[in-house]
Amino acid sequence: MSTTAPNLVVPHSAASAAHGRPIVRLDHISKTFSNGTIALKDMSLTIGEGEFVSLLGPSGCGKSTALRIIAGLGEATTGRVEWPTMSHDAAGKPEREIGFVFQEPTLMPWATVFKNVWLPLRLHGLSKTAARERVMAALEMVGLEKFADSYPRELSGGMKMRVSIARALVTRPRVLLMDEPFAALDEITRQKLNDDLLRLWEQFGWTIVFVTHSVFESVYLSSRIVIMAARPGRVIDELSVDAPHPRGISFRTSTAYSDYCRQASESLLSAIGANDHL
Amino acid sequence: MSSMDQTSVAAAPQEEKVASPGGGIAPSERALRIIVPVVMLVALVGLWEWYTTAYNVPHYILPGPDLVAQSMINDWPVLSQALLVTLKITFAALGIALVGGVLIAILFAQSKWIELALSPYMVILQVTPVVAVAPLILIYAPSTQAALLICAWLVAFFPVFSNTAQGLKSTDHNLLNLFELYGASRWQTLIHLKLPAALPFFLAGLRIAGGLALIAAVVAEFAAGSAGAGSGLAFRILESQYRLNIPRLFAALLLLCGTGVAIYGVTSLLSHLLLRRWHESAIRREN
């Protein structure tokens with residue numbers, strides 16, 4: 001299934017060495033929608049602690065569905081999601097310490113930036129004063145501490161996305177799930193946010209599962225890329241990206257980077273059949 | 001009007017273009033916004049006065065504005081009493097309609113089955129003309145006042161209910177997912193997400209219901225044919241018609257118009273104040 005690691009010898013980074021202990025395991029997950037569409041067929045995947053895993057594929061390959069199943073939004077038709085290291089609540093459900101970032105910023109337009117970021121804590125019963133420090137810390141991480149009292153409509157698209165990320169981080173999750181978070185942004189803003197996300201990940205070492213349809217974005221960000229194909233949605237290949245961190249412009253313009261991109265693109269193309277009309 | 005001296009500012013066109021980077025209106029335009037309607041009003045009243053005197057229109061056909069004003073002052077004790085009665089019914093009906101409409105809309109949003117069971121009756125309530133049911137309500141209600149209240153409520157209830165129900169259903173799906181993800185209870189989802197999301201819809205319903213409550217209070221009084229000391233403006237209008245006291249009829253009509261405009265103004269202002277920071281409808285755009 002998985003391709004051999006590219007024979008470019010690169011030093012093993014601290015970030016990629018850290019993962020070993022599995023944090024979430026998908027065990028033969030399938031998802032069939034009520035209209036008969038097979039969104040996901042027999043997907044198995046183990047994600048280690050501290051990994052940055054990208055799910056890469058064309059639309060309809062079930063990458064978002066997989067992410068939502070990991071998040072617990074919608075049940076798998078068959079198969080199981082296991083969280084080996086997480087504690088379980090009274091009802092026997094794993095207490096998923098996760099943050100989720102949607103494709104749209106998904107902010108409440110009637111609430112200020114502060115109140116939007118406060119929301120996850122507020123739902124767990126934390127008062128405004130009790131949450132203030134953590135909310136402001138999360139806003140500082142994304143560089144928006146000066147905009148706490150602004151309303152979402154007063155912010156640019158990139159800033160809204162940063163608020164969304166701050167909201168996901170405010171609960172200090174162990175796993176951050178991101179569903180094509182930067183797809184709607186312009187290229188320049190997107191690159192900036194990619195860089196910022198990488199800095200935060202290098203600094204805090206969460207586990208990130210990142211859904212994208214951009215080969216270049218996935219290679220730049222990930223320690224491992226899971227390549228998926230559509231009709232039915234399935235995993236077709238895996239590619240580990242053993243480039244050192246911190247990554248920046250020098251990695252993005254290196255031959256190693258373009259080699260990884262070529263490999264990922266070839267995998268994607270190999271799954272597109274002659275009968276697929278894109 | 002102290003705004004007269006500001007008209008000279010409006011004469012300088014470049015002044016208008018420079019202003020309002022922060023979304024506000026230029027002072028000159030603000031002055032014009034007051035002056036234009038006032039000038040129009042004065043012109044219309046002047047035309048009315050001129051028409052009645054120039055053509056010698058008898059006052060029992062069309063009284064001049066001076067006669068109407070006189071009647072307003074002389075008959076104020078009677079008219080104000082009637083206005084108070086009409087206002088009481090209007091606001092009581094509107095109040096009950098607001099509470100009831102929002103509560104039932106919330107009930108509908110909680111369960112698909114409740115919605116399925118009750119929505120036909122909501123439609124029946126809405127489509128049945130209130131004038132046609134008024135006689136029945138008069139029989140069943142303990143007093144005429146109660147009957148009027150029920151009639152006005154029937155009319156004002158539906159816009160509040162249907163708008164709020166629509167608003168509660170139109171909540172952003174991703175935000176609902178987010179609340180689910182963070183383990184929000186049904187109550188938390190309602191308070192922190194569904195109700196704020198439904199607010200613009202509710203306010204639109206309120207604006208419609210405010211006007212309708214007044215109309216319904218008057219129509220119901222016509223239908224009920226109430227009379228005597230405890231009567232509202234509708235009865236005074238009928239009474240003036242029978243007695244050919246047309247100036248008083250006009251005065252009563254003016255009071256009704258004024259009340260309607262005031263209700264619309266207050267509900268619009270409320271809507272603006274609540275939505276101006278975040279909702280598209282309240283945001284001024286410059287292109």
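## The second largest pocket

Eleven nonpolar, five polar and five charged residues make up the lining of the second largest pocket (Ala, Val, Leu, Ile, Met, Phe, Trp, Tyr, Cys and Pro count as nonpolar, Asp, Glu, Lys and Arg as charged, and the others, Gly among them, as polar). This is a predicted model, where local features need pLDDT of at least 70, side-chain atom pairs count only at pLDDT 80 or more, and totals for chains, interfaces and linings use all residues. Residues are numbered from 1 along each chain as its sequence is written, chains are lettered from A and ligands numbered from 1 in the order written, and side-chain values use heavy atoms, without hydrogens and water.

The pocket holds about 440 Å³ of space. Among its 21 lining residues, A:L107, A:P109, A:W110, B:D172 and B:W278 lie nearest the centre. Helix 10 (residues 186-224) of chain B gives the largest share of the lining, four residues.

On the terms: a pocket is an open set of points on a 1 Å grid over the protein atoms alone, where a 1.4 Å probe fits and protein lies on both sides within 12 Å along at least five of seven lines; lining residues have an atom within 4 Å of a point. Its volume is the space filled by probe spheres set on the points, which are joined across faces, edges and corners.

## The sheet in chain A

Chain A has an open, mixed sheet of six strands, ordered 5-6-7-3-8-9 (strands are DSSP E runs of at least two residues, helices H or I runs of at least four, numbered from the N terminus; two strands pair if DSSP finds at least two bridges). Strand 5 (98-101) and strand 9 (234-240) are the edges, each with a single partner strand, so one side of each has no neighbour in the sheet.

Strand 8 (residues 224-229) pairs with strand 9 in the antiparallel sense over six bridges, and A:A229 has A:R234 as its bridge partner. The loop between these two strands holds A:P232, joined to A:R231 by a cis peptide bond with omega of about -10°. Past strand 9, the loop to helix 8 (249-252) contains A:P246, and a cis peptide bond links A:H245 and A:P246, omega about -5°.

## Transmembrane spans in chain B

UniProt's unreviewed entry puts "transmembrane region" features in chain B, including residues 121-140 and 146-165 (positions follow the numbering used here, feature names are shortened, and annotations may be inferred rather than shown by experiment). Residues 121-140 are 90% helix, with end C-alpha atoms 19 Å apart; residues 146-165 are 100% helix, with ends 27 Å apart.
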